[in-house]
Amino acid sequence: MSMSHLYGTDGDDGVEMESFEVSDWDLQNEFNPHRQRHRQTKEEATYGVWAERDSDEERPSFGGKRSRDYSAPVSFVSAGLRKAAAEELSNEDSDDDEKPVKQEEIPKEFVPKKLKTGGNFKPSQKGFVGGSKSFVDFGSWERHTKGIGQKLLQKMGYVPGRGLGKNAQGIINPIEAKQRKGKGAVGAYGSERTTQSLQDFPVVDSEEETEEEFQKELSQWRKDPNGGKKKPKYSYKTVEELKAKGRISKQLAAPQKELSQVKVIDMTGREQKVYYSYSQISHKHNIPDDSPQQPLGKDSKPQGFALPELEHNLQLLIDITEQEIIQSDRQLQYERDMVVNLSHEIQKMAEVLSHEEKAISNLSKVLDMVEECERRMQPGCENPLTLDECAKIFETLQDKYYEEYRMSDRVDLAVAIVYPLMKEYFKNWDPLKDCTYGTEIIAKWKSLLENDQLLSHSGQDLSTDAFHRLMWEIWMPYVRNIVARWQPRNCGSMVDFLDSWVNVVPVWILDNILDQLIFPKLQKEVESWNPLTDTVPIHSWIHPWLPLMQARLEPLYSPIRNKLANALQKWHPSDSSAKLILQPWKDVFTPGSWEAFMVKNIVPKLGMCLNELIINPHQQHMDAFYWVIDWEGMISVSSLVGLLEKHFFPKWLQVLCSWLSNSPNYEEITKWYLGWKSMFSDQVLAHPSIKDKFNEALDIMNRAVSSSVGGYMQPGARENIAYLTHTERRKDFQYEAMQERREAENMAQRGIGAAAGSVPMNFKDLIQTKAEEHNIVFMPVIGKRHEGKQLYTFGRIVIYIDRGVVFVQGEKTWVPTSLQSLIDMAK
């Protein structure tokens with residue numbers, strides 16, 4: 001590329017030099033504040049004007065990309081930038097060296113030509129036809145190395161002096177480089193192909209035809225200088241011209257020899273056809289009048305001729321028509337689908353319309369019935385509406401017009417119609433005299449008015465449920481009035497009243513009655529109760545409330561126990577009325593609280609009674625012993641056993657020993673032993689401590705019989721005592737085996753029950769259950785705590801529970817222990 005419009009030339013050498021003249025661009029942009037500033041490169045900052053620049057750079061492009069000149073003509077020539085016509089004329093006059101060389105003046109060997117890729121090369125050749133002799137010194141630099149490249153090539157079959165490849169078709173000599181004369185673009189100084197390149201890859205034809213085609217295509221993109229669209233040019237040909245063109249194309253399409261024996265599969269028709277040369281395909285589409293003229297006979301028809309343009313146009317018309325047919329078919333199918341869809345929509349809308357008409361008719365009927373009810377409720381109506389008739393009307397609405405009834409606002413409807421009738425119905429009602437009055441009619445209205453979607457046991461907003469509002473505003477005032485005048489000791493009528501209404505009244509209203517009305521009355525009455533002066537037992541008017549109130553009565557138990565404890569301070573076991581008062585409370589109080597109450601108030605009195613008992617085999621008074629044994633079902637077995645071990649058996653064994661030391665009658669001793677043993681129940685006798693005491697008595701009798709060898713011995717005494725011992729031991733073994741069998745059965749039943757439905761309980765309940773199984777007293781110590789934890793007595797051991805762990809009081813600190821170890825220590 002010549003850059004003479006920016007750079008000057010120095011003589012004949014063609015060395016380009018930068019021109020420092022002031023150009024038009026400098027004058028135009030001198031006072032332009034928005035011009036692009038030149039950004040110096042590192043080399044320009046170092047060398048200044050002597051810095052090297054790219055030959056393609058233009059002077060105006062300081063500091064950025066070179067702006068394109070869109071006004072310049074489009075050029076696809078690979079020889080660089082194309083100059084303007086005026087500039088080329090000016091350069092022709094000033095510089096003869098830069099004049100473009102005509103095609104005829106360029107040597108023929110430098111003219112760019114097309115490569116011929118397969119012309120002079122044959123697979124059987126070992127090299128190229130025009131190849132030159134190989135360089136002798138090629139690869140001589142491997143003398144100074146180990147020559148690994150040459151060795152690897154030779155191992156793979158390479159022969160020096162021949163080309164690479166399967167057939168040695170590669171070049172033999174290295175690629176040569178050709179130096180350009182100046183710094184112009186590629187092709188600016190003519191062809192750059194070397195002699196070796198022309199020998200190895202000969203070319204055919206020149207680029208003149210290619211350049212003409214390119215210029216022709218390029219001219220189609222240029223705008224018309226007049227500004228209008230180019231009109232298409234039509235060329236008209238005669239039939240003779242078309243025939244001549246067909247003959248020429250026929251001659252040019254003659255098959256070559258090397259392509260004559262080729263298998264060709266023709267799939268353009270309806271059936272697949274196989275040809276063995278391209279000539280057969282050309283004969284298939286012969287152009288008319290191409291063969292020699294034959295005389296036309298009588299029956300022969302004139303042959304047609306080829307019209308490729310007409311065939312092409314007809315094919316285009318066929319394709320367009322086919323697309324239109326396909327489009328019309330699709331549109332028709334779409335219209336049919338739309339008709340089906342619209343028919344379905346019409347059916348759906350008809351169903352919706354019928355449903356809406358039915359709903360409108362039903363609503364009109366419902367409205368007529370409601371208006372009839374309002375008319376009959378007027379004061380001067382001849383046929384006034386009653387509550388039963390109103391219920392029947394609502395039942396009809398619910399049965400026949402269920403959807404409309406559920407969708408309607410039942411709260412407003414009930415307030416307007418049912419509430420006045422309900423007030424009139426309960427006007428003279430006394431709940432304590434006639435407790436079942438109105439239960440049936442209210443139960444009927446519950447099914448009619450109660451909202452099924454809301455929970456009836458929660459205190460929801462009264463505006464959402466008509467029945468709850470009805471009971472709260474109409475029925476509840478009568479209950480408040482009657483409870484205010486009710487005496488708690490006369491509990492039968494009130495309990496019967498609430499029992500008869502418990503399934504009708506909403507749960508939250510019943511809870512309100514029990515918590516806010518009944519319980520305060522009972523609590524006030526318990527505070528005024530005195531067990532020493534009141535003739536009516538307290539359990540007679542408290543226990544009937546247990547099925548209804550259950551755990552709500554627990555706050556009353558503590559003051560009741562306190563009052564009973566104060567009344568038992570001066571009580572003597574000979575008075576059996578205490579047992580009659582306390583016995584109904586055994587199953588009401590919790591086992592721990594009951595046992596604590598008995599240990600504190602009853603067991604000491606019974607111990608004093610046993611201390612006063614005098615054991616005299618000759619004249620025995622049993623009243624004090626009967627007073628104690630009579631409390632066996634009231635106090636726990638472990639407490640009773642403790643009383644007997646402490647206050648009875650020491651005196652009893654002492655009397656036995658003194659009797660045996662004075663030459664006794666062993667038959668009387670045996671009867672006396674069996675008589676005292678029969679006074680105890682099987683449950684007491686089964687206790688290990690009681691067994692040990694009676695076994696100790698047998699051992700004393702056996703020692704007494706065996707020790708008196710030299711003295712007088714009653715005949716048969718030793719045998720009688722031995723028989724008695726054997727019989728008693730056998731009974732004990734039988735009773736133990738029976739107890740073990742019962743315990744196994746109970747454990748099996750308990751396991752089945754636990755598997756069927758496990759009852760959740762905490763660790764304290766588990767300890768209490770184990771204490772009851774082993775007859776151990778487990779109760780809280782009143783007023784005693786350790787680090788905020790309640791202290792308990794487990795037998796005679798003081799414990800407390802923290803996070804599921806039992807701590808036992810040791811000598812200096814609290815020690816954690818297991819439940820089984822605690823049971824063993826308590827025993």
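Strands here, like helices, are DSSP runs numbered from the N terminus: helices are H or I with at least four residues, strands are E with at least two. Two strands pair if DSSP finds at least two bridges between them. Within this pair, Val808 stands opposite Val815 in strand 11. A hairpin of 4 residues links strand 10 to strand 11.

A word on what we are looking at. This is a predicted model, where local features need pLDDT of at least 70 and side-chain atom pairs count only at pLDDT 80 or more, while totals for chains, interfaces and linings use all residues. Residues are numbered from 1 along each chain as its sequence is written, and side-chain values use heavy atoms, with hydrogens and water left out.

Now the overall picture. The protein chain holds 30 helices and 11 strands. Of its 827 residues, 29% are buried. Buried means under 20% relative accessible area, exposed means over 50%, and partly exposed lies in between, with a 1.4 Å probe and protein chains only. Contact means heavy atoms within 4.5 Å. Take the contacts between residues at least 6 apart in sequence: 64% of them join residues at least 24 apart.

Which strands form it, and in what order? It is an open sheet of 5 strands, ordered 7-8-9-10-11, with antiparallel pairing. Strand 7 (778-786) and strand 11 are the edge strands, and each pairs on one side only. Neighbouring strands are turned by 40° against each other on average, direction ignored.

Next, strand 9 (residues 797-802) and strand 10 (residues 805-809). They pair in the antiparallel sense over 4 bridges. Ile801 stands opposite Val806 in strand 10. Asp802 stands opposite Val805 in strand 10. The two strands form a hairpin with 2 residues between them. In that turn, Arg803 has a positive phi of about 55°.

What lies across this sheet? Helix 29 (residues 763-773) lies across strand 7, strand 8 (789-794), strand 9 and strand 10. Helix 29 runs at about 135° to strand 7. Axes are lines fitted to C-alpha atoms, for helices over the stretch in contact, and angles run from 0 to 180 degrees between N-to-C directions.

On to helix 21 (residues 591-601). This helix is mostly covered, with 8 of its 11 residues buried. The buried residues are Gly592, Ser593, Trp594, Glu595, Ala596, Phe597, Met598 and Asn601. What covers them includes helix 19, helix 20, helix 22, helix 24, helix 29 and strand 7.

Two helix pairs now. Two packed helices are described by the angle between their axes and the distance between the axes.

Pair one is helix 19 (residues 554-567) with helix 21: the angle is about 15° and the axes are 11 Å apart. That makes helix 19 roughly parallel to helix 21. Angles under 35 degrees count as roughly parallel, over 145 as roughly antiparallel, 65 to 115 as roughly perpendicular and the rest as oblique. The crossing is right-handed. A crossing is right-handed if the near helix is turned clockwise from the far one by less than a right angle, left-handed if anticlockwise. Arg561, Leu564 and Ala565 of helix 19 make the contact with Ser593, Phe597 and Asn601 of helix 21. Those residues divide into 3 nonpolar, 2 polar and 1 charged. Ala, Val, Leu, Ile, Met, Phe, Trp, Tyr, Cys and Pro count as nonpolar, Asp, Glu, Lys and Arg as charged, and the others, Gly among them, as polar.

Pair two is helix 22 (residues 603-611) with helix 24 (residues 637-660). Their axes come within 9 Å and cross at roughly 15°. Helix 22 and helix 24 are therefore roughly parallel to each other. Their crossing is right-handed. From helix 22, Val603, Leu606, Gly607, Leu610 and Asn611 meet Ser639, Leu643, Leu644, His647 and Lys651 in helix 24. The division here is 5 nonpolar, 4 polar and 1 charged.

Last, a single residue. Leaving out residues up to four places away in sequence, Lys579 touches Asp630, Trp631 and Met634.
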